Amino acid sequence: MAPHSKSSTAASAKGKATPAKASKNNNKKKKTKKTTQESTPPKDNPLTPEEFDKSYNELIEAAELIPQGDQHTNHVSIATILKDRKMKALCYGILSISSLGPNDYRRKNIKLSDIVKLFDKAGVDIVPFRGGKDKKECIKNLKAYFKKHENNISHFLTAMFVYTIRFKQGACAVCGKVIEDLLFGALGYESNHWEDDKDSNDCGGEGRKCFGVNAHNFGKAFVHIMTELVKTQLECWECHNRYGPTLCKILPDRCFGVYDFPPRPYCVVQDSPEGMALYDCTKSLLLGEVESYSYEYVTNTILRDTFFTDIRDATLFNKERWESITSLVARQEMIMRFHLQAEKRLAGPCYLCKKTKFATLKSMGGGDNHHVDEDNKKLNPSECASRAKVAKKLDVKPADLGVVEWLDFARFENRKTFLLDKCCHMKVTYDDKWRKEFAGMMRSDGYDVDNNTGEIFVKP
Ligand SMILES: [Zn+2]
Ligand SMILES: [Zn+2]
């Protein structure tokens, strides 16, 4: 496909956000009639309507690159959504407000009700987006979120905009499952980069991910969020493929053995007989000559020494993949990933709702390790499987990182966490009420957190 300059949309928009350019057009927006009261005019929308038109059309072009034929008919594509003139007006409105300087009196005067109205004009009710059992509670929660971002109104606007897009997308692009819960626009759904997962850190390629469109990044400039968002389609957590296209093809759609472990934190998992046997197995594999192992040797060892009864439930590689990847580090990383997946399996269903069972190896990709003490988080599990990333954290050269040291680091990181499904993880991370609920459950179940290390422990 011809290279398309999506990143140039952001770049050009950003490039034009200079005071010189901006001052040319400070009468373009209706709320900004009185702009001459100060010697330096307040910054307005960084784009003139003409420039905005051009950038907006580029966004639509980028969105149209997503192959719609593959999408479920319940799902509305971003391109379709953006072509609605009301959405275009909404984007312009958001961009205008976001561009006001932090001390601009107009920005300070913007009330939540103004923003609700702005979205309302585009046919979107943002009130339910922060959850609540009834309208009153929804408004309370939305107000609290608005207040939290009082000093960074663009964060609030971006969140509402991303939720709006998800809400309008309506359903999973893969299986067609319709959104049930409007918390965060679509609880348990993700904006998936359509051409991501290519084991590449390249940024700016067609459809490639530069950063995730999620709450971690809502503080970024609105134009950047937009250029990222148009590369995505909405997927439910069960369909959202976290393993990339290659692995997705080889992972089975069912589970072959029966693994009925109760929901429990990793500290309990690791100290259980199955957890200890698993540790010994992984350690012995890593300490051997991993490069020369045959597929049969690795898989027989796993089946002999661990709780797995079928190898297809255990490894993210098959014979072909194992044999095609022969470098020492890549093979060690495959074993590390096996280990981390196996610990997930031992952690049972989602700890918060107890309902979500990660039935298949593939579905376990929808299970997140929730760090209770975020301050003590060093790496997430996928990073723990990377020799280079762990070495960097431990401040040693990758070649000097011992395999046991590496394994112990990854295991200790797990000890700080509970396994949650995607929906519950979002609730606990971004919703104070759920965070309290989770903390209460954890404590009443007899666990606590060591504030110095972040480790979960069983209360004596
Ligand atoms: Zn789905
Ligand atoms: Zn759950």
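How many of the five residues of strand β3 (residues 367-371) are buried? Five of the five are, so β3 is largely enclosed by the rest of the structure. A residue counts as buried if 20 or more other C-beta atoms lie within 10 Å of its own, as exposed if 12 or fewer do, and as partly exposed in between, with C-beta atoms placed from the backbone. This is a predicted model, in which local features need pLDDT of at least 70 and side-chain atom pairs count only at pLDDT 80 or more, while totals for chains, interfaces and linings use all residues. Residues are numbered from 1 along each chain as its sequence is written, with chains lettered from A and ligands numbered from 1 in the order in which they are written.

Now for the overall picture. The chain has 21 helices and six strands; these are DSSP runs, numbered from the N terminus, of H or I over at least four residues for helices and of E over at least two for strands. Of its 460 residues, 40% count as buried.

Back at β3, both faces are covered. Gly 367, Asn 369 and His 371 are buried on one side, and Asp 368 and His 370 on the other. In a regular strand, side chains alternate between the two faces of the sheet. β3 runs antiparallel to strand β4 (residues 417-421), and five bridges join the two (strands pair if DSSP finds at least two bridges between them). Asn 369, for one, has Leu 419 as its bridge partner in β4.

Next come two helices. α16 packs against helix α19 (residues 403-414) at an angle of about 30°, with the axes 11 Å apart. Axes here are lines fitted to C-alpha atoms, for helices over the stretch in contact, and angles run from 0 to 180 degrees between N-to-C directions. α16 and α19 are therefore roughly parallel to each other, a label for angles under 35 degrees. On the α16 side, the contact is made by Gln 332, Met 336, His 339, Leu 340 and Glu 343, and on the α19 side by Val 403, Leu 407, Ala 410 and Asn 414. Residues are in contact if their C-beta atoms, placed from the backbone, lie within 7 Å.

Ile 325 is partly exposed, because 13 other C-beta atoms lie within 10 Å. Leaving aside neighbours within four places in sequence, Ile 325 is in contact with Ala 330, Arg 331 and Met 334.

How values were computed:
Two residues are in contact if their C-beta atoms, placed from the backbone, lie within 7 Å. Angles under 35 degrees count as roughly parallel, over 145 as roughly antiparallel, 65 to 115 as roughly perpendicular and the rest as oblique.
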